Amino acid sequence: MHKDVMQPSTVTDLVDVLEHAIRLLRRLSTAGGLSHTASSTLSRLIREGPMRITELANAEAASQPGMTQLVSRMEREGWVARAASPDDRRGVVVTVTDTGADLMRRRRTERTDSLRAMFDGLDPADRAAITAALPALARLVTA
């Protein structure tokens, strides 16, 4: 059975489009003035639940001291809370607060509203092509 192989230029084009899409999404949401790492960390805590600072640092490709500083800033803003780990009292577990979850909902709403306006401005063929590509893109990014 022969598998279609993506041409190098197609892969390069896909990388370019995805990088532009990431930058666009970052610009579309300004609530809270979050850095990329702070936004990503809050999203991870919402998705995956409470985590130790070491786990967060590894997951976000940050240093442990850097993550500790970020968590301290987010805690001062009321977006996260720290508590002793139930498994190891010496460890600290970080949890997103209702305030942090609300901030992330507002950011998502900003992005959704802005992107919807852009999407609605496209011609019907482009909207249909994007809609048709979404399942394949979802499989690509979760593979």
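Which helix does Ser-40 lie in? Ser-40 belongs to helix α2, which covers residues 36-48. The model shown here is predicted, so local features need pLDDT of at least 70, side-chain atom pairs count only at pLDDT 80 or more, and totals for chains, interfaces and linings use all residues. Residues are numbered from 1 along each chain as its sequence is written, and side-chain values use heavy atoms, with hydrogens and water left out.

**View 1. Ser-40 and its partner Glu-60.** The side chains of Ser-40 and Glu-60 are joined by a polar contact of 2.6 Å (a pair of N or O atoms within 3.5 Å; within protein, one must be able to donate a hydrogen and the other to accept it, and residues adjacent in sequence count only if both atoms are side-chain atoms). Ser-40 counts as buried because its relative accessibility is 19%; buried means under 20% relative accessible area, exposed over 50%, and partly exposed in between, with a 1.4 Å probe and protein chains only.

**View 2. Ser-43 and Gly-100.** Ser-43 also has its place in helix α2. Its relative accessibility is 25%, so Ser-43 counts as partly exposed.

**View 3. Ala-61 in its loop.** Look between α3 (53-59) and α4 (64-77) to find Ala-61. With 75% relative accessibility, Ala-61 counts as exposed. Its phi is near 55°, a positive value in a residue other than glycine. Most residues other than glycine have a negative phi.

**View 4. A nonpolar surface patch.** Leu-18, Leu-122, Ile-130, Leu-134, Leu-137, Leu-140 and Val-141 make a patch of about 560 Å². Patch residues have over 30% relative accessible area and no salt bridge, and nonpolar side chains are joined within 5 Å; a salt bridge is a side-chain nitrogen of Lys or Arg within 4 Å of a carboxyl oxygen of Asp or Glu. Areas come from the Shrake-Rupley method with a 1.4 Å probe. Helix α6 (residues 124-142) gives the most to this patch, with five residues. Leu-134 is found in helix α6 and, at 49% relative accessibility, counts as partly exposed.

Technical notes:
Helix = DSSP H or I, 4+ residues; strand = E, 2+ residues; numbered from the N terminus. Patch = residues over 30% accessible without salt bridge, like charges linked within 9 Å, V, L, I, M, F, W, Y side chains within 5 Å.
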